[in-house]
Amino acid sequence: MAELSALQQPYYEATTLQQIEQLFPVRLSKELLSDFKFDHPVLKQYLPDARELINPDGYGEDPVGDREATSAGGLLKKYQHRALLITTNTCPVHCRYCFRKDYPYSRETPNQHRYETALAAVKKDHSLNEIILSGGDPLSLDDDLLSYLFTSLAAIEHIQTVRVHTKFPSIYPRRVTDALLSILATTRLNTVVVLHINHPDEITPSVKYAAEQIKHTNTTTLNQAVLLRDVNDATDTLAELSHRLFSAGILPYYLHLLDKARGTHHFHVERARAEIIMQQLKQRLPGYLVPKLAQELSGHASKDY
Ligand SMILES: *Cc1c(COP(=O)(O)O)cnc(C)c1O
């Protein structure tokens, strides 16, 4: 983890930084700090910003209604046929725009006992055919615990697909270990890995290599991005992102509008602007490289728009 002193930007008072840290600690990797200059859009996703302390109306602690949808063991069921397991409360980096920064994570530690409760609920619910491992970041779990989850899910007859939502391959590509690849390659389940890359410069040669290794396990490899002001809210940037993803064997899946979590308003992009960008992307890219614009609204039956 990076030294906080490295983040003491001259125009922040130390007390401001302390206040930000108390609300949502800063976490980013040394690699990010050495690979990107301070004002690079990639770093803006992780660096604390004094504007986090300002909350206009509509920005709150449970922006997408996760709390109501969570059941015992950390299983979230909002949509038909698929449910999401909060595997852990830990992430390799803290995205400042995180929509789960206030999720009551204290319960959701990575432990087998809790998973047993969630797995029992999955087993009982025959409407489910896909389980999404999310978090936190599920690749924060060690490979033994992941292997336990994959094996347990594969033992439930009505489950066909396991999906992993993770940022690890783009932050610490070395997390893509042989053991992890073997878990993906040997399960009877269909496997999907959804990465979270927002800017083309995040796809370094080692990230590309990690994504290719995952794909070679016969895993469908997708990407979800969030549309973020001053990070990727330009047609050129997003078109380039799609091309570079494709070169790494990854297809764009969703482009999310920002969830109105506390302390994120400075990342907001108006829907009308998002739609103009989408129109331009559709004209410039082959259909398979155009992400779907998505927004998660509490109580809606899907997030695709
Ligand atoms: C995002 C999400 C899903 C997955 O939705 P897809 O449209 O299938 O990608 C499933 N469950 C929950 C609770 C989610 O937030």
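**Reading the fold and two residues**

Guide: We begin with overall size. The radius of gyration is taken over C-alpha atoms, and the globule rule is 2.2 Å times the number of residues to the power 0.38. With 305 residues, a compact globule would have a radius of gyration near 19 Å, and the protein chain agrees because its value is 19 Å. This is a predicted model, in which local features need pLDDT of at least 70 and side-chain atom pairs count only at pLDDT 80 or more, while totals for chains, interfaces and linings use all residues. Residues are numbered from 1 along each chain as its sequence is written, and side-chain values use heavy atoms, with hydrogens and water left out.

Visitor: How many helices and strands does the protein chain have?

Guide: Helices (H or I, at least four residues) and strands (E, at least two) are DSSP runs, numbered from the N terminus. The protein chain has eleven helices and nine strands.

Visitor: What percentage of the residues count as buried?

Guide: Buried means under 20% relative accessible area, exposed over 50%, and partly exposed in between (1.4 Å probe, protein chains only). Of the 305 residues in the protein chain, 55% count as buried.

Visitor: Is Glu130 buried or exposed?

Guide: Glu130 has a relative accessible area of 13%, so it is buried. Its place is in strand β4.

Visitor: Which residues does Glu130 touch?

Guide: Contact means heavy atoms within 4.5 Å. Not counting residues up to four places away in sequence, Glu130 touches His81, Arg82, Ala83, Ile159, Thr161 and Arg163.

Visitor: Which side chain is joined to that of Glu130 by a polar contact?

Guide: A polar contact is a pair of N or O atoms within 3.5 Å; within protein, one must be able to donate a hydrogen and the other to accept it, and residues adjacent in sequence count only if both atoms are side-chain atoms. The side chains of Glu130 and Arg163 are joined by such a contact of 2.7 Å.

Visitor: Where does Ser140 lie?

Guide: Ser140 is in the loop between β4 (130-134) and α6 (143-154). With a relative accessible area of 27%, Ser140 is partly exposed.

Visitor: Which backbone oxygen does the side chain of Ser140 reach at 2.9 Å?

Guide: That is the backbone oxygen of Thr90. The Ser140 side chain also reaches the backbone oxygen of Asp137, at 2.7 Å. Leaving aside neighbours within four places in sequence, Ser140 is in contact with Thr88, Thr90, Cys91 and Phe168.
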